[in-house]
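I opened this entry to look up two things.

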Amino acid sequence: MSELIYFDNNASTKPLPEVVEAMVPVLREQYANPSSLHQFGQAVRHRVEVAREQVASLIGAESREIVFTSGGTEAINLALRGVLHGHPNRRHIVTTAVEHSAVLKVMEQLAHEGYRIDYARVDSDGRVNADQWSKLITDDTALVSIQHANNETGVVNDIFRLGEVARERDVPVHVDAVQAVGKLPIDVSGWPVQLVSLSAHKFHGPKGTGALYVRRRTRIEPLILGGGQERRIRGGTEHVAGIVGMGVAASLVSETLLDTAEHVGRLRDTLETGLLESVPYSVINGGGAERVYNTCNISFAGLEAEAILILLSEAGICASSGAACSSGSLQPSHVLQAMKIDERIAHGAIRLSLSRFNTEEEVDRAVQVIPELLSRWTTVTGSHS
Ligand code: PLP
């Protein structure tokens, strides 16, 4: 089989070789518990603390503001649930219609528990409507949660502007930055927010490891109770190998952030231009907004995303439709629905998400193969004839 073309980096990225090399000795030899007081345990503790500094430095935080978790989903759950205790009398939450399911499912549960949830609308390019956003936040608002970059379209929100409105009302802000960290330069120290979720496997670190940034003096209750690890905010013996891998990934991606943006951005633009030129019924979703440089959400109007993905997979191209977890369902993505994209277009949307490991040759091959596959298919099925 010819080489796979991996265009599914928003689902997960390939760990950097240095990440794997750093993790193996931890698994093999540094197996002591980082909470143990003996020298062996303390050596392992040191590895965790170095990683904490590396992760903090990637986002402009102090290391004591980093709480390691089992990934983005846990960080988000901890942020949303943990901070509500700080404002027990407030029963209102504001978020957006285009959040990841890790946020939306918690919101659904909080609604069952009696919270009023408002979902800010987005425009046809997927940007949160800032005017509507500021009207939604009231003195009864206990928390707001907003995505930095959308996982399906790559559309980026203005965290300064949206966060500031909440800060003026003394409302804690959580940012789901899972798709932005490691791709965009981030300095949380200047952000008007208290909590930021991140996930190692989205920036060439290992799966099952993430972190929550908790600004100093933010009142937060743990979700997982146990041995008092992570400054009593997250119980449970740390996943040291994962944390070490995350730290290495953080420091390597921060060293190469701008070069990667340049390289991958060029590839993504070539891919988009090539596909738009050769498939007449194609359109970029979110194309009018600022987007993360690696993400291309393209619709082939009138076709079915799931069928396109199978064709691509058979040709060795890995892509997704919307969130990985919703692949396989025939519902158009909630993100494209919130953008009020016409159903015919939304049904034919696929996401091609690139990384530093992709090459010009892969993009050239995709630009040649995808239109051929689509035109063969439309000839057979009669679509667009
Ligand atoms: N938030 C966003 C925007 C995501 O894209 C993802 C993963 O796809 C998550 C949260 C969940 O992160 P994790 O896979 O680490 O649980």
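I count a polar contact as a pair of N or O atoms within 3.5 Å. The model I am reading is predicted.

**Entry 1**

I started with Q179. An N or O atom in the side chain of Q179 is 2.8 Å from an oxygen atom of the ligand. I then checked D176. Here a nitrogen atom of the ligand is 2.8 Å from an N or O atom of the D176 side chain. I looked at H201 next. Its side chain has an N or O atom 2.9 Å from an oxygen atom of the ligand. I also asked how much of the ligand the protein covers. On its own, the ligand has 400 Å² of accessible area, and the protein covers 86% of that.

**Entry 2: the shell around the ligand**

I found 13 residues around the ligand. T73, D176, Q179, S199 and K202 come nearest. Which helix gives the most to this shell? I noted helix α3, residues 72-84, with 3 residues. I then sorted the shell by class. It has 9 polar, 2 nonpolar and 2 charged residues.

**Entry 3: the cavity**

How many cavities of 30 Å³ or more does the structure hold? I got 1. The largest cavity has about 130 Å³ of space. I listed 17 residues in its lining. Nearest its centre lie G182, K183, H204, T260 and Y293. Helix α8, residues 257-278, gives the largest share of this lining, with 3 residues. By class, I read 8 polar, 6 nonpolar and 3 charged residues in the lining.

Domain 1 (5-13 + 256-381) and domain 2 (17-255) each give at least three residues to the lining of the largest cavity.

Notes:
Residues numbered from 1 in each chain as written. Predicted model: local features only at pLDDT ≥ 70, side-chain atom pairs only at ≥ 80, totals over all residues. Heavy atoms only, no water. Near = heavy atom within 4 Å. Polar contact = N/O pair within 3.5 Å; in protein donor to acceptor, adjacent residues only side chain to side chain. Areas by Shrake-Rupley, 256 points an atom, 1.4 Å probe, with all protein chains shown as cover. Helix = DSSP H or I, 4+ residues; strand = E, 2+ residues; numbered from the N terminus. Nonpolar A, V, L, I, M, F, W, Y, C, P; charged D, E, K, R; others polar. 1 Å grid on protein atoms, 1.4 Å probe; cavity = no way out; pocket = protein on both sides within 12 Å on 5 of 7 lines; lining within 4 Å. Points joined across faces, edges and corners; volume = space filled by probe spheres on them. Domains from an automatic or database assignment.
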